[in-house]
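I opened this model to look at its two chains and how they meet. My entries follow in the order of looking things up.

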Amino acid sequence: MIESRSRTAWLPHLVLALGVAVFVFPIYMALIGSTHDAGIIGRGNLPLTPGGLATENYAQAWSQGSGIRVKAPPVSRMLLNSLVMAVIVAVGKIAVSVLSAYAVVFFHFPGRMFFFWMIFVTLMLPVPVRLVSTYEIVGTLGWLNSYQGLTIPLMASATATFLFRQFYMTIPNELAEAAQIDGAGPLRFLWSFLLPLSWANIAALFVVLFIYGWNEYFWPLLITNTESMRTVVIGLERLIPRSGTEQPTWNLIMAGAMMALLPPVAVIVFLQRWFVKGLVESEK
Amino acid sequence: MPRRVIFDGKLLPYLLLAPQVAITLVFFFWPAGQAVYYSFFLQDAFGLRQTFVWFENYKIVLTDPLYLASAWRTAIFSTAVTGLSMASALLLAVMADRQIRGAAVYKTLLMWPYAVAPAVAAVLWLFVLHPTIGILGRSLRDLGFAWDYKLNGAQAMSLVIVAASWKQVSYNFLFFLAGLQAIQKPVIEAAAIDGAGPMRRFWSIIFPLLSPTTFFLLVVNLVYAFFDTFGTIHALTAGGPGKSTETLIYKVYVDGVVNLDLGGSSAQSVILLVVVMTLTAVQFRYIERRVHYG
């Protein structure tokens, strides 16, 4: 910007291109791997160019899962589980957080700040801190291997509650007064005034929370043990045999990996603006 | 925070809070309380009887050479992941911040790995660095380097560090870039007029002005390396070979879920709780300080 450009202009491009290359490289190899047959890969002869088996591999991974000896559900089923989990967790977190933040900002009642801090402190309680007992509780409720178990216990969100609280505090009192004069009750005000104003925040949070839900690992690993309830992120790991004797079907595993990473990556690329907003704001 | 317009309703605010408060009570506070409770009891081999043992579990855990080794390993792992992903992100952000053509395109191209799940990143790197089928793993062996992460603990650790850092660079990059773009350009131009070269300007002006971002990212990355890399390790090495990639989180999982050692894993959970509380407290101190900046 200040130095004469011609001499050093190539440097940023070189460094950035190198960075992009390091990011793309493993994805490119996975893509190549998903278009060859397992034999070539197993012998260590994977070329650097795509093979001709893309359709077959993806179709097989999609509908049958992987291989003969490694038992795994079809990737389509695992993708469905991931989608259900990611969407319900994101929507649920946003819904409970909107309601809590609304109560804390617009109402005056005993214990208001107590409840707010109670939600806030959950930031300090990630799954590993309450591992065994959470599992027991979900088991007692009969929620193991169910969508309820995968989603409801994750629905509390300190960051989303905090974000909506910050936003509601910027809403001028006059708006609430005007709504009251016009005869709008509290729920009416939330639904017809606050929510329409919150869409940008909701969209941004949704993107970030969707990715969180899709990529969550510890929780589904703990809560599910039947193959049909696995999410794709865990299911993928199960496809890799740990014993030395089995020959992994690497082509199908890589097809599965591509399908597992495509939805969240697509969300980021296409909803980039919301993603950056959500990321930066939820970390404040 | 107090507002003039407050809606009426004695019951409604509690009803609005109920869903989230119920979830936090049932799935957060109760189990965390249970963990604290169990950490003071010792169970017999069949889980039938338990005896109150004061801090015995903590004493066992904190004097266990395996636990201390795991803590040391976690420290190395977290430092390496934080250092590697932040340093490369800062370099990329500084380059992208120069007003070059295509900066927006680079931003998009550098942002998406954030969306790749840690476990999927692990599988991708496994495929590349596998000693017999991976393209880089084979190359290393062809060059005469005895690469086999399944046998060599240090190599397994470096593989886990690479996979965990690779995924985190995007996040740091976005925050560093935002931080750099917030720095007033005239300050830098003035330094340039005074004869400071690019390196001097970076270390004497830009880097100090960036310190709030750097500090914030330091905490976030430590939390990531501590808690969110479980999937990476589980998918890549399952803590092996031996225990050479078993971090504290991985150990609490193995002891609690696989070995069903209730007292011991609860004590470990409580120790982790202290770690998170410390990191969160540090982060909040920082936020307060940033307010004073503004």
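**Entry 1: the interface**

I began with the contacts between the chains: 81 residues of chain A are in contact with 78 residues of chain B. I call two residues in contact if their C-beta atoms, placed from the backbone, lie within 7 Å. On the side of chain A that touches chain B, helix α2 (residues 10–33) of chain A gives the largest share, 12 residues. By residue class, that side of chain A divides into 61 nonpolar, 16 polar and 4 charged. My classes: Ala, Val, Leu, Ile, Met, Phe, Trp, Tyr, Cys and Pro are nonpolar, Asp, Glu, Lys and Arg are charged, and the others, Gly among them, are polar. Helices (H or I, at least four residues) and strands (E, at least two) are DSSP runs, numbered from the N terminus.

**Entry 2: conventions and confidence**

I note that this is a predicted model, where local features need pLDDT of at least 70, side-chain atom pairs count only at pLDDT 80 or more, and totals for chains, interfaces and linings use all residues. Residues are numbered from 1 along each chain as its sequence is written, while chains are lettered from A and ligands numbered from 1 in the order in which they are written. The model scores ipTM 0.86 and pTM 0.88.

I then checked pLDDT, the predictor's confidence in each residue, from 0 to 100. Chain A has a mean pLDDT of 85, with 91% of its residues at 70 or more. Chain B has a mean of 85, with 94% of its residues at 70 or more. Where is confidence lowest in chain A? It is lowest in helix α1 (residues 5–8) of chain A, with a mean of 58. Helix α5 (residues 75–106) of chain A is highest in that chain, at 93. In chain B, helix α13 (residues 262–293) is lowest, at a mean of 76, and helix α3 (residues 65–97) is highest, at 92. I keep one caution: where pLDDT is low, the predicted coordinates should not be read in detail.

**Entry 3: overall form**

I counted 15 helices and 0 strands in chain A. The C-alpha box of chain A is roughly 75 × 70 × 35 Å along the principal axes.

Chain B has 13 helices and 2 strands. Its radius of gyration is 24 Å, well over the 19 Å of the globule rule for 294 residues, so chain B is more spread out than a compact globule. Its C-alpha trace spans about 75 × 75 × 30 Å along the principal axes.

I looked at burial next. A residue is buried if 20 or more other C-beta atoms, placed from the backbone, lie within 10 Å of its own, exposed if 12 or fewer, and partly exposed in between. Of the 284 residues of chain A, 49% count as buried. For the 294 residues of chain B, the share is 43%.

**Entry 4: two kinked helices**

I returned to α2(A). It has 24 residues and reaches 33 Å from its first C-alpha to its last, close to the 34 Å expected at 1.5 Å a residue. The expected span is 1.5 Å times one less than the number of residues. A kink of about 35° lies at V24(A), shortly before the proline P26(A). I define the bend as the angle between axes fitted to the seven residues ending at a residue and the seven starting there. Buried residues of α2(A) include L16(A), F23(A), P26(A) and M29(A). What covers the buried residues of α2(A)? The cover includes α3 (38–42) and α14 of chain A, together with α3, α4 (103–111), α5 (118–129) and α6 (135–142) of chain B.

I followed that to α14(A), residues 250–270. Its 21 residues reach 29 Å, close to the expected 30 Å. A kink of about 35° lies at L262(A), shortly before the proline P263(A).

**Entry 5: positive phi**

I checked N145(A), where phi is near 55°, a positive value in a residue other than glycine. N145(A) sits in the loop between α7 (131–140) and α8 (147–151) of chain A.

Methods: The radius of gyration is taken over C-alpha atoms; the globule rule is 2.2 Å times the number of residues to the power 0.38.
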